[in-house]
Amino acid sequence: ISSSAAPKRGAFILLEGVDRCGKTTQVSLLVKHLMSLSLATVAYRFPDRTTQVGTLINNYLTTNGPTGTVDDRAIHLLFSANRWESAPKLASTLASGTNIVCDRYAYSGVAFTSAKTEEDRSSMSGGELGLGWCMGPDVGLPAPDCVIFLDLDQDEAEKRGGYGGERYEKRDLQIRVRKRFAELQALDEEQGRVSWHVVDASQSIEDVTKEIASIVTDTVERIAKDSSPLR
Ligand code: DGP
Ligand code: NA
Ligand code: NA
């Protein structure tokens, strides 16, 4: 109990999932909830379409050109660059004791790119666009303290109304994306890294919110107590 104890850092809470799983709604409800507990919290969202790199990504997502018009590897690196350009701010925000609730991050990066082909890319040595290749550019980014995966099957996702027509909003791709996320969860569990919490996103908004709130309260307390440095 020395007076020179390291200052508390913020917790980095990440929400991931397929399109239409309700992430964006839950991120904003969670930020409000934490603020109501007097816990300083800010929301982040990736891709961040407001930067120059984000403008390129937005153009890519909103034009439904045939696959191959833009090289899949090049666009993968742009999504990663879009996270890296926020990395210093993410790190300083956490260091200042503010919590971050983030809508998508590097797991989406790997899940979406590696889902582009039907070939099995699940092994770490799956070649270009395989999991190992896809993970490379994001190695070293500030790591989340917990991943909340809003799990929704494709039939349920489609019941939620039409997709907005963006490039990735297609049934077969989304089914593969969900599988890739599960593979990434298994990898993290194997290696004892970040802890994942899978939440059934087909529940009512209120029930999902409650479940997330209880997971996050535990995580925020754990991080505030152990003051371990960011990885
Ligand atoms: P959103 O604004 O959350 O709807 O995300 C836009 C789309 O981009 C969505 O289909 C998920 C996808 N996406 C998010 N991050 C990445 C990434 O890093 N790489 C790739 N290839 N796709 C991503
Ligand atoms: Na979307
Ligand atoms: Na996003």
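# Notebook: a walk from Val-177

I began at Val-177, which is buried (under 20% relative accessible area with a 1.4 Å probe on protein chains only; over 50% is exposed, and in between is partly exposed), with a relative accessible area of 0%. This is a predicted model, where local features need pLDDT of at least 70 and side-chain atom pairs count only at pLDDT 80 or more, while totals for chains, interfaces and linings use all residues. Residues are numbered from 1 along each chain as its sequence is written, and side-chain values use heavy atoms, with hydrogens and water left out.

**Around Val-177.** I found Val-177 in helix 8; helices here are DSSP runs of H or I with at least four residues, strands are runs of E with at least two, and both are numbered from the N terminus. What does Val-177 touch, not counting residues up to four places away in sequence? I got Val-18, Ala-111, Phe-112 and Ala-115, with contact meaning heavy atoms within 4.5 Å. I also checked Ser-204, 27 residues from Val-177 along the chain: the two C-alpha atoms are separated by 23 Å.

**Gln-185.** Helix 8 also holds Gln-185. I looked up its accessibility, and at 17% Gln-185 counts as buried. Leaving aside neighbours within four places in sequence, Gln-185 is in contact with Trp-196 and Val-198.

**Nonpolar core.** I looked for sets of buried Ala, Val, Leu, Ile, Met, Phe, Trp, Tyr and Cys residues joined through side-chain atoms within 4.5 Å. The largest such core has 58 residues, and Ile-13, Leu-15, Tyr-105, Ile-148 and Leu-150 touch the most other members. Helix 9 (residues 205-226) gives the largest share of this core, six residues. I followed up Leu-15: beyond four places in sequence, its contacts include Lys-23, Val-27, Cys-102, Arg-104, Ile-148 and Ile-212.

**Largest pocket.** Rolling a probe the size of a water molecule over the atoms shows where empty space is left. I used a 1 Å grid over the protein atoms alone, where a pocket is an open set of points that a 1.4 Å probe fits, with protein on both sides within 12 Å along at least five of seven lines, and lining residues have an atom within 4 Å of a point. The largest pocket has a volume of about 540 Å³, the volume being the space filled by probe spheres set on points joined across faces, edges and corners. Which residues lie nearest the centre of the largest pocket? I noted Asp-19, Lys-23, Arg-45, Arg-49 and Arg-104, out of 26 lining residues. Helix 5 supplies the largest share of the lining, four residues. By class I have nine nonpolar, seven polar and ten charged residues in the lining; Ala, Val, Leu, Ile, Met, Phe, Trp, Tyr, Cys and Pro count as nonpolar, Asp, Glu, Lys and Arg as charged, and the others, Gly among them, as polar.

**Second largest pocket.** I put the second largest pocket at about 450 Å³. It is lined by 18 residues, with Ala-106, Tyr-107, Asp-138, Val-139 and Arg-193 closest to the centre. Helix 5 and helix 8 (171-190) each supply at least two residues of this lining. I sorted the lining of the second largest pocket into 13 nonpolar, one polar and four charged residues.

Most residues other than glycine have a negative phi, and most peptide bonds are trans. I noted Arg-104, not a glycine, with a positive phi of about 75°. Arg-104 sits in the loop between strand 3 (99-103) and helix 5 and is buried at 10%. Arg-20 also has a positive phi, near 75°, but is partly exposed, at 32%. I found the peptide bond from Phe-46 to Pro-47 to be cis, with omega near 0°.

**Cysteines.** I searched for disulfides (pairs of cysteine sulfur atoms within 2.5 Å) and got zero in the whole structure.

Notes:
Chains are lettered from A and ligands numbered from 1 in the order in which they are written.
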